[in-house]
Amino acid sequence: MRERPHKYEVALSEEQRFLLQQLLAGGKAPVRQQAHARILLKIDRNASGPRWTDEQVAEAFEMSRYTVIRIRERFVNHGLDDALNHRLHTQRRAQALDGEQEAHLIALSCSPCPTGQARWSLRLLANRLVELGYVEQVSHETVRKTLKKNELKPWLKQCWCIPPEASAAFVWRMEDVLEVYTRPYDPRFPQVCMDESAKQLLQDKREPLPMQPGQPERVDYTFEAAGMRKIFLACEPLAGKRFVNVTERRTSEDWAQFIRELVDVEYPDAEKIVLVMDNLSTHTPSALYQTFPPTEARRILRTLEIHDTPVHGSWLNMAEIELSALARQCLSRRIGTQEELEREVHAWQQNRNEEAITVNWRFTTADARIKLKRLYPSLEKKKSPSPTGNVAKHD
């Protein structure tokens, strides 16, 4: 049976055959080179005797047929030296996008996405590059690699509170809160951060199917909304304490009731509670007078040292860190009733207080004056215009 022609045919010249024979006769070449030399001699198309098939070579030299094919390929594509020494090629592939095309891709990915699209996708970017005539053709994989190299992710969007630039009102409140965070721990003057959040109650219309061997828990996608509930949270970052209350509404009276509980129940022996909270319309001392008699409201206020975060500066409130942990660890699921919500939230509160998890706040006023320099008003005096009008001359 005649052997089928191979894709990579090894045809040694007389000089190459002589070199291989000398290499084997010397016996000093590495074992790998000697093995490859014998293989090349056996599969040589110009050999005088019968040549071996790849299967015969693989069986005789105890290797895979694919290894023999690789030796053939290296000989045909790169020559005898490469087939013997098995060098790794580091040939640089031609770039799919040159510098100008890459710049067009970056500018396109940073531009607004087309109408009717929520975001730029890799394929959308590739198609738009072709439509605009920047390239003849490009794959979405090339687009992905180019964006990855430039650390661009146009499909992501980060939500953030953007403060106004050169705002003295923002700066003084920010530095006031940052000064509070530098104070050492003192049980007589506990530093408490307070914030609020909301949770949508969702009830299952059908009973979920529990987990079984080889089958995950199955929850029906339909649900019934059962109203919103408000969550008031206060935490003492230096002591690792937090206190959570669930209410039906978010009103000034609810906030006032929470603050009185904070003063009378949680910190009855404190000389002054240093309270950091967001600058919301319901978080004001007037809410205490709106809810309690004047003597009671004044008693509560005498115990509070209030520091409001600036507008668009809620990230300065460490209570947001605790609310984020609460949302991820406890509330990221369906909860159907207020009783269940209160039970789960209080269990989370108890477990976290037992672990006494604190917050290590590192952002200081010195950092703010460097990293947030654009928020500080500029004090450079503008050059006043030269006076106009007639100037009296004196002899």
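Contact is taken here to mean heavy atoms within 4.5 Å. Helices (H or I, at least four residues) and strands (E, at least two) are DSSP runs, numbered from the N terminus. The structure is a predicted model, in which local features need pLDDT of at least 70 and side-chain atom pairs count only at pLDDT 80 or more, while totals for chains, interfaces and linings use all residues. Residues are numbered from 1 along each chain as its sequence is written, and side-chain values use heavy atoms, with hydrogens and water left out.

Burial is expressed through relative accessible area: buried means under 20%, exposed over 50%, and partly exposed in between (1.4 Å probe, protein chains only). In helix α7 (residues 122–131), the buried residues are Leu122, Leu124, Leu125, Ala126 and Leu129. The cover over these buried residues of α7 includes α6 and α8. Just after α7, Gly133 adopts a positive phi of about 80°. Helix α6 (residues 99–109) contains Glu102, which is buried with a relative accessible area of 14%. Beyond residues up to four places away in sequence, Glu102 touches Leu97, Thr146, Lys149 and Asn150.

Salt bridges were assigned where a side-chain nitrogen of Lys or Arg lies within 4 Å of a carboxyl oxygen of Asp or Glu. By this rule, the model has 23 salt bridges. One of them joins Arg144 to Glu141, with the closest N and O atoms 2.6 Å apart. Both Arg144 and Glu141 belong to helix α8 (residues 140–149), where three residues, about one turn of the helix, separate them. Arg144 is partly exposed, at a relative accessible area of 31%, and Glu141 also counts as partly exposed, at 31% relative accessibility.

Another salt bridge is formed by Asp308 and Arg173, whose closest N and O atoms are 3.9 Å apart. Asp308 lies in strand β5 (residues 304–308) and Arg173 in helix α9 (residues 168–181), so this pair ties together parts that are 135 residues apart in sequence. Asp308 counts as buried, at 16% relative accessibility, whereas Arg173 counts as partly exposed, at 22%. Glu179 and Arg183 likewise form a salt bridge, with 3.2 Å between the closest N and O atoms. Glu179 is partly exposed, with a relative accessible area of 37%, and Arg183 is partly exposed, with 26%.

Nonpolar cores were defined as sets of buried Ala, Val, Leu, Ile, Met, Phe, Trp, Tyr and Cys residues joined through side-chain atoms within 4.5 Å. In soluble globular proteins, nonpolar side chains tend to be buried together. The largest nonpolar core in the model has 33 residues, and those with the most contacts inside it are Met174, Tyr181, Leu233, Leu326 and Leu331. Two or more residues of this core are given by each of α9, β1 (191–204), β2 (223–236), β3 (241–247), β4 (273–277), α13 (319–331) and α14 (338–355). Helix α9 supplies the largest share of this core, seven residues. Tyr181 touches Gln191, Cys193, Val276, Leu316, Asn317, Met318 and Trp361, not counting residues up to four places away in sequence. Apart from this core lies another, of 23 residues, among them Leu275, Ala297, Leu301 and Leu304.

The packing of helix α10 (residues 252–266) with helix α12 (residues 294–302) was also examined; their axes come within 10 Å and cross at roughly 65°. Axes are lines fitted to C-alpha atoms, for helices over the stretch in contact, and angles run from 0 to 180 degrees between N-to-C directions. The crossing of α10 with α12 is left-handed, a term applied if the near helix is turned anticlockwise from the far one by less than a right angle. At this contact, Ile259, Arg260, Val263 and Asp264 in α10 meet Glu296, Arg299 and Ile300 in α12. By class, the contact has three nonpolar, no polar and four charged residues. In this classification, Ala, Val, Leu, Ile, Met, Phe, Trp, Tyr, Cys and Pro count as nonpolar, Asp, Glu, Lys and Arg as charged, and the others, Gly among them, as polar. A network of salt bridges links Arg260, Asp264, Glu296 and Arg299.

Arg250 is placed in the loop between β3 and α10 and counts as partly exposed, at 34% relative accessibility. Leaving aside neighbours within four places in sequence, Arg250 is in contact with Glu196, Lys230, Leu280 and Thr282. The C-alpha atoms of Arg250 and Gly133 are separated by 56 Å, the two residues being 117 residues apart along the chain.
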